Amino acid sequence: MELLSIKDLDLKDKKVFIRCDFNVPMDEFGNISDDRRIRSAVATINYCLDQDCAVILASHLGRPKGEIVEKYSLAPVARRLQQLLKRHVELAGDVVGEDAMQKAKDLPRHEVLLLENLRFEKGETENDEVLSENLATMAEFYINDAFGVSHRAHASVEGITHYFDDNKKAAGFLLRKEIEFFDKLINNPIRPFSAIVGGSKVSGKLEALINLLPKVDKVFIGGGMAFTFLKQMGYDIGKSLVEDDLLEDAQHIMDEAKKLGVKFYLPIDVVAAEKFSEDSVIKITTAQEIPTDWMGLDIGPATVRLYREGLADSQTILWNGPMGVYEMDKFARGSTKIAHFVADTYATTVVGGGDTADLVQRIGLDDEMSFMSTGGGASLELLEGKILPGVAQLVKQG
Ligand code: AMP
């Protein structure tokens, strides 16, 4: 799959609209706690400025649900962008209101305008035609660099693409990098190719698991989703998280793995707790014998050793989903140990999924991984083999 490239556009002196993903986490004081997504967009913005463009940027932040909510204003993003771009960034007072429209119309070359939070407009998440058209009228060119929302058919992501011909729209550098990386990872990996799949539920990753099985050599399961498999194996899982309606699917996945010769690893021991809390009593139990009133909240030390052994010869490692409830220190050990091991291998290592990226970052290992995806849901849908709605119209024809 080849995407329309920003480099093929005749951008010289033009007005360009760039859909970015500035949906960054904020602390309780309203400060940006991680600006990776803003930094990742700088290459595309600077490229356009170097082409003497007038640049209009748009993003959502949080979920204001179609209302103007002060705490979701993009003002802090504008300030951070200003520092990163080392130039003035004008923040519009609205999205497609009088202020934004006027400022977009008057925007001179080399200037940057940031629209207010796209989700202050109800039409954004509804992929509303009028909103798409209003946004499209602001510029002559459209660039999508928002990988993190490209799996959403929203007005600034999908609807807007229909207002630009193929020589007037393209994927930005970040979007292209993400898509190409996953494309190569899934279709042409260096083997052995291992997938570490964790997180809370099987249901959230069922499609991804099924799509990955014919492509990988080994799968390592962790997190809450492991217990549905363990229950299906006939083990006592106590009151661990389980999806009883997916027991058959779990069996199907294990059967498929066997049929395809994929080595399928499940936890052999767990960190069990009496309650879902940091101050709970804990003990290490085998996966077969979790006591009735206890729940498994992390993989145990024997599993960590087993997974290290199994991962050791991997040339490519894809990791999506934590091994335990990493938000609580007591249950973060399994994920932390696996993260260190993955970071230390010489394999190509790819971290996808918001939680996994968050945990790797907390430990300070993000620079040690080959690739950290900026999109959780979007990377998961790529693993499911889907074409993302925001990307579909940016694929090169013929
Ligand atoms: P997901 O959104 O499906 O990737 O799941 C991430 C969430 O799974 C994190 O918030 C973890 O706290 C949670 N999680 C991981 N392991 C477990 C477990 N054993 N029991 C319950 N929740 C878990």
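This is a predicted model: local features need pLDDT of at least 70, side-chain atom pairs count only at pLDDT 80 or more; totals for chains, interfaces and linings use all residues.
How many nonpolar, polar and charged residues make up the lining of the largest cavity?

Residues are numbered from 1 along each chain as its sequence is written, and side-chain values use heavy atoms, with hydrogens and water left out.

**View 1. The largest pocket and its lining.** A pocket here is an open set of points on a 1 Å grid over the protein atoms alone, with protein on both sides within 12 Å along at least five of seven lines; lining residues have an atom within 4 Å of a point. This pocket holds about 1100 Å³ of space, a volume being the space filled by probe spheres set on the points, which are joined across faces, edges and corners. Look for Asn23, Val24, Pro25, Arg37 and Gly354, which lie nearest the centre among the 41 lining residues. Two or more residues each come from α1 (36–50), α11 (354–363) and α12 (376–383), and α11 gives the largest share, six residues. Helices (H or I, at least four residues) and strands (E, at least two) are DSSP runs, numbered from the N terminus. Both domain 1 (6–175) and domain 2 (189–383) contribute at least three residues to the lining; the domain bounds come from an automatic or database assignment.

**View 2. The second largest pocket.** Its volume is about 550 Å³. At least two lining residues come from each of α7 (226–232), β14 (295–299), α11 and α12, with β14 giving the most, five residues.

**View 3. The largest cavity.** A cavity is a set of grid points where a 1.4 Å probe fits but cannot get out. Searching the whole structure turns up one cavity of 30 Å³ or more, and about 50 Å³ of space lies in the largest cavity. Its lining consists of Val197, Lys205, Ala208, Leu209, Leu212, Leu318, Asn320, Leu380 and Leu383. The elements α6 (206–212), β15 (316–320) and α12 each give two or more of these residues, and α6 gives the most, three. To return to the opening question, the lining has seven nonpolar, one polar and one charged residues. Ala, Val, Leu, Ile, Met, Phe, Trp, Tyr, Cys and Pro count as nonpolar, Asp, Glu, Lys and Arg as charged, and the others, Gly among them, as polar.
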